Amino acid sequence: MALRAAVDIGGTFTDVVTYDDLTGQLQLGKSLSTPQDMIQGVFDGLAAAGTALEELAFVIHGSTVVVNSLIERKGARTALVTTAGFRDVYEIGRINRPDAFNLAFTKHEPLIPRELIHEVPERLGADGRLMTPLDEEQARKVARRLAAQGVEAVAVTFLHAYRNPAHEIRMGEILREELPGAYVCLSHGISREYREFERTSTAAANAFVGPLVSDYLRRLDDRLTAGGSAAPLAIMQSNGGVCDVATAAAQCVQMLESGPAGGVVGAIALCEALGHREAIAFDMGGTTAKTAVIRDLTFPLASDYFLGGYRTGLPIRIPCLDIVEVGTGGGSIAWLDDARGIHVGPRSAGADPGPAAYGRGGTQATITDAAVVLGHLAAGGRLAGGLELDGDAARHAVDRLAAQLDLDAASTAAGVIAIGAAAMANSVRAVTTERGLDPRDFALFAYGGNGPLHISLVARELGVRNVVVPPFPAVFAALGMLMADVRRDIVQTGVRTLGTEEHIEAGTAESLETSFQELERECAQALRDGAVRFEGLEFQRAADMRYVGQEHTVTVQVPAEPGPAALKRAFDTTHGQRYGHSAPQERAQIVSLRVSAVGTLGKPDLPKIARGQAEPPAGARTGARDIVFSPAEGPVASAVYARAALLAGNTIAGPAVVEEPTATTLLRPGDTLEVDAFGNLLLTIGQ
């Protein structure tokens with residue numbers, strides 16, 4: 001057999017999808033994540049999919065190991081080496097105060113304490129020219145001091161190393177000589193963009209998780225090999241592509257959003273099949289809900305990722321999925337603050353013990369428990385990992401919360417779900433309304449183990465009418481990983497003035513083309529040097545631009561029409577879309593160039609299902625149950641259907657439930673559903 005497998009570790013479940021290149025057959029596996037040893041969850045998931053290791057031909061892996069380590073601050077003892085005079089850049093950060101009227105506001109908390117930050121005399125100019133040579137004697141003294149301090153990892157960030165990395169390279173050589181067992185991260189190897197604080201923060205985060213992640217990837221690769229697998233291991237990156245283990249171990253922060261990135265890649269492939277060019281990808285799992293906007297079938301990238309949120313978070317400057325994530329998932333805990341105000345999340349019951357309904361010792365009410373109490377999920381229903389929903393345990397957990405609120409269980413459960421839906425709707429607004437986009441103009445693609453269950457209520461909050469629930473929604477992010485290509489991104493800062501559309505600066509066209517070609521050659525060589533074999537190779541170009549006199553930039557895709565004048569027009573259009581105004585007569589600057597090299601990998605075909613009539617076949621309806629949509633109206637008798645028995649062309653009117661082994665789609669009164677040729681559930685949301 002020639003099986004390709006994708007493994008996605010989430011906060012609650014580990015998902016596995018395998019695809020047989022010869023037969024086109026998909027196999028699914030889902031098991032509880034194992035926080036104490038996440039690698040075990042990988043093998044549990046493969047076993048759940050019925051996959052023997054010796055049958056594997058290729059494995060793609062996405063994991064929460066990086067983001068968990070950073071959020072929980074469980075990383076290596078890390079030091080920072082920087083240019084003399086810049087020791088406090090990392091702690092000072094930016095002078096802006098996002099919470100201007102919050103008297104209790106606190107700034108970001110660095111991952112590296114000040115006593116582990118050391119300076120070395122050296123200086124390069126903003127153009128990369130030498131100003132002060134690297135003091136190698138002092139550099140070696142610093143390296144020996146770090147050895148005495150027992151550091152496990154070192155980040156090196158020298159001023160303007162993004163233009164000339166010579167001093168960082170030499171410092172790295174000295175560190176490896178004096179600290180042979182330490183993990184060394186040089187900032188130019190992670191980020192070649194300006195802004196000293198962001199670049200320092202990125203290198204520090206990479207070094208902080210480096211020993212843990214590189215050891216994790218090595219052990220996973222070794223266990224696959226020991227189990228009989230000869231398959232190369234590829235790692236899903238936050239930029240929507242995959243890389244080999246060596247690259248991932250050196251650039252660990254590229255794995256920050258590897259799971260959600262897989263889901264967005266899958267949503268883009270589904271958009272192509274359905275004829276959509278724009279969509280909102282909505283992924284609700286057991287711990288969080290993630291939202292991203294797909295425009296013109298392109299993977300949405302942001303230049304900055306804020307670990308812990310914009311207000312107090314640490315910036316990670318890498319090409320990363322442009323996503324908004326909220327702590328609202330099936331396992332999100334409902335709790336009361338000191339003023340008896342109710343909140344849902346971000347605390348989660350996780351996989352152990354999980355929601356009370358899992359029957360594994362959980363006692364606090366969660367969104368999943370509320371869904372069981374209202375009948376949205378069937379008490380006694382079976383879940384992945386051998387779990388059976390315990391209706392009594394869910395009721396007891398919600399009853400305890402209801403007693404604190406002086407409400408009945410149904411009202412409390414409905415309130416918990418409504419609060420969660422409002423938070424998730426706000427995450428959609430953050431990537432649409434706040435950026436000048438109307439969510440009603442998009443189709444909403446809902447997946448994740450809990451996405452189809454709650455999407456009708458979220459869509460109603462937003463006024464969205466069209467929702468798509470793909471096949472296998474609970475493992476859709478893993479399926480999306482099988483749709484990914486190998487990818488390498490390089491961003492290079494080099495400020496140059498472009499001019500206006502009518503008056504382009506002399507020599508700009510030749511200079512731009514030369515710079516883009518140099519970056520493309522570097523990207524292509526990096527892919528060819530990697531362990532993941534690919535077929536075709538294509539490049540994508542973009543530029544970070546601003547008007548002369550501005551501080552911040554917008555990223556502009558280089559248009560198909562050649563020439564700087566076309567780029568200036570594209571910038572004016574992008575600026576207008578983002579901020580509601582543009583200035584075509586003002587001169588523009590290019591701050592950074594972006595190049596992505598994409599090496600094509602084979603992808604599974606989206607299978608079609610048999611066609612039927614509008615009325616579902618008799619065997620598709622498995623029964624009915626009472627469901628509470630509004631506590632004031634009480635239980636409503638709702639039909640229950642088995643998704644596997646539905647045929648293309650079948651239609652269902654709400655209230656109804658469509659069940660499958662790993663997910664449940666809920667149709668509220670007024671909703672309708674049609675099954676398309678690929679087995680997608682196309683929902684029209686009622687008013």
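1. The lining of the second largest pocket in this predicted model comprises 22 nonpolar, four polar and four charged residues. The pocket itself has a volume of about 620 Å³. It is lined by 30 residues, of which Leu28, Pro471, Phe472, Arg643 and Glu660 are the closest to its centre.

2. Which elements give two or more residues to the lining of the second largest pocket? They are strand β3 (26–32), helix α13 (476–481) and strand β31 (656–660). With four residues, β3 gives the most to this lining.

3. Rolling a probe the size of a water molecule over the atoms shows where empty space is left. The structure holds four cavities of 30 Å³ or more, and the largest cavity has a volume of about 90 Å³. Its lining consists of Cys243, Asp244, Thr247, Val486, Arg487, Arg488, Ala526, Leu527, Gly530, Ala531 and Val532. By residue class, this lining divides into six nonpolar, two polar and three charged residues.

4. The lining of the largest cavity may also be described by element. At least two of its residues are supplied by each of β12 (242–244), β24 (486–499) and α14 (508–529). The largest share, three residues, comes from β24.

5. Helix α4 (residues 136–148) packs with helix α5 (residues 166–178): their axes come within 9 Å and cross at roughly 40°. This angle makes α4 oblique to α5. The crossing in which α4 passes α5 is right-handed.

6. Which residues of α4 and α5 meet? On the side of α4 they are Glu136, Ala139, Arg140, Ala143, Arg144, Leu146 and Ala147. Their partners in α5 are Arg170, Met171, Ile174, Leu175, Glu177 and Glu178. The residues of this contact comprise seven nonpolar and six charged, with no polar residue.

7. Helix α9 (residues 367–374) packs against α10 at an angle of about 110°, and the two axes are 9 Å apart. Helix α9 is therefore roughly perpendicular to α10, and the crossing of the two helices is left-handed. From α9, the contact involves Asp369, Ala370, Val372 and Val373; from α10, it involves Gly391, Ala394, Arg395, Ala397 and Val398. Six nonpolar residues, one polar residue and two charged residues make up the contact of α9 with α10.

8. Helix α10 (residues 391–405) also packs with helix α11 (residues 409–431), their axes coming within 9 Å and crossing at roughly 95°.

9. In the contact of α10 with α11, the residues from α10 are Arg395, Val398, Asp399, Leu401, Ala402 and Leu405. They meet Ala409, Thr412, Ala413 and Val416 in α11. This contact divides into seven nonpolar residues, one polar residue and two charged residues. Arg395 and Val398 take part in the contact of α10 with α11 and are also listed in the contact of α9 with α10.

10. Most residues other than glycine have a negative phi, and most peptide bonds are trans. A cis peptide bond joins Gly345 and Pro346, with omega of about 0°; Pro346 lies in strand β21 (residues 342–348). The peptide bond from Gly654 to Pro655 is also cis, and its omega is near 5°. Pro655 is placed in the loop between β30 (651–653) and β31, and β31 is among the elements that give two or more residues to the lining of the second largest pocket.

11. Where does Arg195 lie? Arg195 is found in the loop between β10 (183–186) and α6 (196–226). Although Arg195 is not a glycine, its phi is positive, at about 85°.

Notes:
Residues numbered from 1 in each chain as written. Predicted model: local features only at pLDDT ≥ 70, side-chain atom pairs only at ≥ 80, totals over all residues. Heavy atoms only, no water. Axes fitted to C-alpha atoms, helices over the stretch in contact; angles between N-to-C directions. Parallel < 35°, antiparallel > 145°, perpendicular 65-115°, else oblique. Left-handed = near helix turned anticlockwise from the far one by under 90°. Contact = heavy atoms within 4.5 Å. Nonpolar A, V, L, I, M, F, W, Y, C, P; charged D, E, K, R; others polar. 1 Å grid on protein atoms, 1.4 Å probe; cavity = no way out; pocket = protein on both sides within 12 Å on 5 of 7 lines; lining within 4 Å. Points joined across faces, edges and corners; volume = space filled by probe spheres on them.
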